[in-house]
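Work through the following exercises with the sequence and the 3D structure at hand.

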Amino acid sequence: MAPKRVYVLSAVHDQLVRALESQVRRLQLRGPNDAHWEMGGLITAASVAPLARLRDAAVSSGARAVVATHAPDSGLFPPTLLLEVPPDAAVLREETFGPLLPVVPVPDVETAIALANASPFGLSASVWSRSRQRAREIARQLNAGTVVINDVALAAGLAEVPHGGVRQSGYGRSHALAGLEECVRTRAIVDDILPGARQPWWFPYEETMTQDVDAYTRLAHAPTLLQRLMGLGGALRLLLGRR
């Protein structure tokens with residue numbers, strides 16, 4: 001649930017980048033003999049190579065890497081900020097599990113939403129804005145299991161909030177009522193109170209059935225009142241079984 005990509009409005013891009021560069025450059029990774037440190041290494045040495053591949057591919061295509069200057073030379077992956085990232089870079093499409101963060105300027109919010117939703121993944125997203133109302137509007141348009149406003153990763157620790165993803169980030173939910181429902185088996189019992197009445201979906205199917213189904217659809221879903229009324233006759237034939 002940690003941020004994998006940042007899309008920021010061009011108007012505040014430089015300001016954000018300056019702040020991020022300052023933070024990244026001063027981060028201290030834990031070395032073999034360090035007593036004071038701010039970030040440890042990846043969970044396994046094998047996790048370094050995929051991150052390095054994505055970083056190097058982006059840099060070779062024109063991206064600029066800002067690397068923590070207090071990183072020991074011990075095979076650890078240093079916190080890295082990627083700027084001026086080409087739009088087709090793999091780091092913008094693939095999952096990254098480590099301190100590698102691409103920052104991409106966008107001209108407007110609509111572009112940011114489109115790019116965020118273009119990802120095959122959708123576990124979590126975050127929206128940052130001074131306007132909470134505007135942030136909620138954006139959040140409703142993001143295709144992610146959880147969207148956090150002005151914070152990150154918060155929802156994973158909230159027992160009352162359903163946790164889970166969409167698309168390649170998985171399915172199902174943990175936490176909250178939705179998580180409890182994952183652990184139960186439901187049973188539906190349908191009792192037909194008019195067993196003697198012929199139902200429209202019973203065999204054999206008559207020629208007028210398709211027309212009557214279309215009429216019922218118009219009655220239930222047509223955009224105007226007149227169009228709905230035009231489907232009333234066929235809908236009644238379908239429901240009452242009169243052909």
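**Exercise 1.** Find how many salt bridges a search of the whole structure gives, and work out which residues are linked in a network.

*Solution.* In this predicted model, a search of the whole structure finds seven salt bridges. Begin with Arg64, whose side chain meets that of Glu21 in a salt bridge with an N to O distance of 3.1 Å. This pair links distant parts of the chain, since Arg64 belongs to strand 2 (residues 64-67) and Glu21 to helix 1 (residues 10-26), 43 residues apart. Next, look at Glu84, whose side chain meets that of Arg64 in a salt bridge of 3.6 Å, N to O. Here too distant parts of the chain are linked, with Arg64 in strand 2 and Glu84 in the loop between strand 3 and strand 4, 20 residues apart. Taken together, Glu21, Arg64 and Glu84 are linked in a network of salt bridges.

**Exercise 2.** Decide for Glu21, for Arg64 and for Glu84 whether the residue is buried, partly exposed or exposed.

*Solution.* Recall that buried means under 20% relative accessible area and exposed means over 50%, with partly exposed in between. Glu21 has a relative accessible area of 16%, so it is buried. Arg64, at 34% relative accessibility, therefore counts as partly exposed. Glu84 has a relative accessible area of 53%, so it is exposed.

**Exercise 3.** Determine how the buried residues of helix 2 are placed around its axis, and name strands that cover them.

*Solution.* First list the buried residues of helix 2 (residues 48-60), which are Val48, Leu51, Ala52, Leu54, Arg55 and Ala58. They cover an arc of only 165° around the axis, and therefore they lie on the same side of helix 2. Then turn to the face directed away from this buried side, where the exposed residues Ala49 and Ser60 are carried. Finally, ask what covers the buried residues: the cover includes strand 3 (80-83) and strand 4 (100-106).

**Exercise 4.** Identify the element that gives the most to the nonpolar patch, and find what its buried residues pack against.

*Solution.* The patch, of about 690 Å², is made by Tyr216, Leu225, Leu229, Leu232, Leu236, Leu239 and Leu240. Two or more of its residues come from each of helix 7 (225-230) and helix 8 (232-240), and helix 8 gives the most, with four residues. The buried residues of helix 8 are Gly234, Ala235 and Leu238. Because they cover an arc of only 100° around the axis, they lie on the same side of helix 8, and they pack against helix 6 (208-221).

Methods: Residues are numbered from 1 along each chain as its sequence is written. This is a predicted model: local features need pLDDT of at least 70, side-chain atom pairs count only at pLDDT 80 or more; totals for chains, interfaces and linings use all residues. Side-chain values use heavy atoms; hydrogens and water are left out. Patches are made of residues with over 30% relative accessible area and no salt bridge: like charges are joined within 9 Å, nonpolar side chains (Val, Leu, Ile, Met, Phe, Trp, Tyr) within 5 Å. Accessible areas come from the Shrake-Rupley method with a 1.4 Å probe; for residues, only the protein chains shown count as cover. A salt bridge is a side-chain nitrogen of Lys or Arg within 4 Å of a carboxyl oxygen of Asp or Glu. The expected span of a helix is 1.5 Å times one less than its number of residues. Buried means under 20% relative accessible area, exposed over 50%, partly exposed in between (1.4 Å probe, protein chains only). The arc is that of the directions from the helix axis to the C-beta atoms. Contact means heavy atoms within 4.5 Å.
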